[in-house]
Amino acid sequence: MAPAAPGSGDEDVVRQFVREFYRVSIGEPYLALLVADESARDTERLDYLYQRHIEPTLALAVPSIERLMASGHMARVPMDVLFFAIIAPVAGLVQEPFARRLGRPVHLSPAERLARAEALAGLVADGLLAPGDAKRRSAV
């Protein structure tokens with residue numbers, strides 16, 4: 001995932017982070033499934049994935065998220081809760097058999113897959129950055 005463009009606002013950074021995560025996931029669906037599987041066990045494989053791939057990716061967005069939380073533009077929740085709110089919905093993009101049972105057409109074009117990823121990213125980012133009293137929504 002690419003770092004945000006210089007001069008990007010914190011909200012733009014969060015939106016790009018979510019969007020890029022979902023775009024990468026539809027391009028490499030087994031990566032999301034591998035991470036989900038490996039994250040269920042405390043092993044050296046998880047350490048490797050976390051240190052080499054996950055942690056550097058999260059570092060692209062964490063400073064912006066912390067500033068948004070501090071300014072009240074995002075609910076103050078523990079970082080693990082926030083990232084699971086972003087990560088968990090990727091299942092809807094990569095778990096094809098279940099998605100088909102929920103009404104997804106069997107043969108989606110790459111453009112249709114991208115449109116679904118963009119729609120999901122917008123839904124998630126809008127929820128994270130929803131206007132209103134972020135302090136009221138805070139869990140901490």
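1. Let's start with Val 14 and its partners. Leaving aside neighbours within four places in sequence, Val 14 is in contact with Ile 65, Leu 68, Met 74, Leu 128 and Leu 129; contact here means heavy atoms within 4.5 Å. Val 14 sits in helix H1, where helices are DSSP runs of H or I with at least four residues and strands are runs of E with at least two, numbered from the N terminus. With a relative accessible area of 2%, Val 14 is buried. The word buried stands for under 20% relative accessible area, exposed for over 50%, and partly exposed for what lies in between, using a 1.4 Å probe and protein chains only. The C-alpha atoms of Val 14 and Val 62 are separated by 8.8 Å, although the two residues are 48 residues apart along the chain.

2. A word on what you are looking at. This is a predicted model, in which local features need pLDDT of at least 70 and side-chain atom pairs count only at pLDDT 80 or more, while totals for chains, interfaces and linings use all residues. Residues are numbered from 1 along each chain as its sequence is written, and side-chain values use heavy atoms, with hydrogens and water left out.

3. Now step back to the whole fold. The protein has nine helices and zero strands. Its radius of gyration is 16 Å, close to the 14 Å that the globule rule gives for 140 residues, so the protein is as compact as a globular protein of that length. That radius is taken over C-alpha atoms, and the rule is 2.2 Å times the number of residues to the power 0.38. Along its principal axes, the C-alpha trace spans about 45 × 35 × 30 Å. Of the 140 residues, 29% count as buried. Among contacts between residues at least 6 apart in sequence, 64% join residues at least 24 apart.

4. Back to helix H1, which covers residues 10-27 and also holds Ser 25. Is Ser 25 buried or exposed? Ser 25 is buried, with a relative accessible area of 4%. Not counting residues up to four places away in sequence, Ser 25 touches Ala 32, Val 90 and Val 94.

5. A salt bridge is a side-chain nitrogen of Lys or Arg within 4 Å of a carboxyl oxygen of Asp or Glu. Asp 126 lies in helix H8 (residues 110-128) and Arg 15 in helix H1, so the pair ties together parts that are 111 residues apart in sequence. Asp 126 is partly exposed at 43% relative accessible area, and Arg 15 is partly exposed at 26%.

6. How many salt bridges are there by this rule? The count comes to nine. One of them joins Glu 96 and Arg 104, with the closest N and O atoms 3.0 Å apart. Glu 96 is buried at 17% relative accessibility, and Arg 104 is buried at 11%. Elsewhere, salt bridges that share partners join Asp 37, Glu 38, Arg 41 and Arg 45 into one network. Within this group, Asp 37 and Arg 41 have their closest N and O atoms 3.1 Å apart. Asp 37 is partly exposed at 40%, and Arg 41 is partly exposed at 38%.
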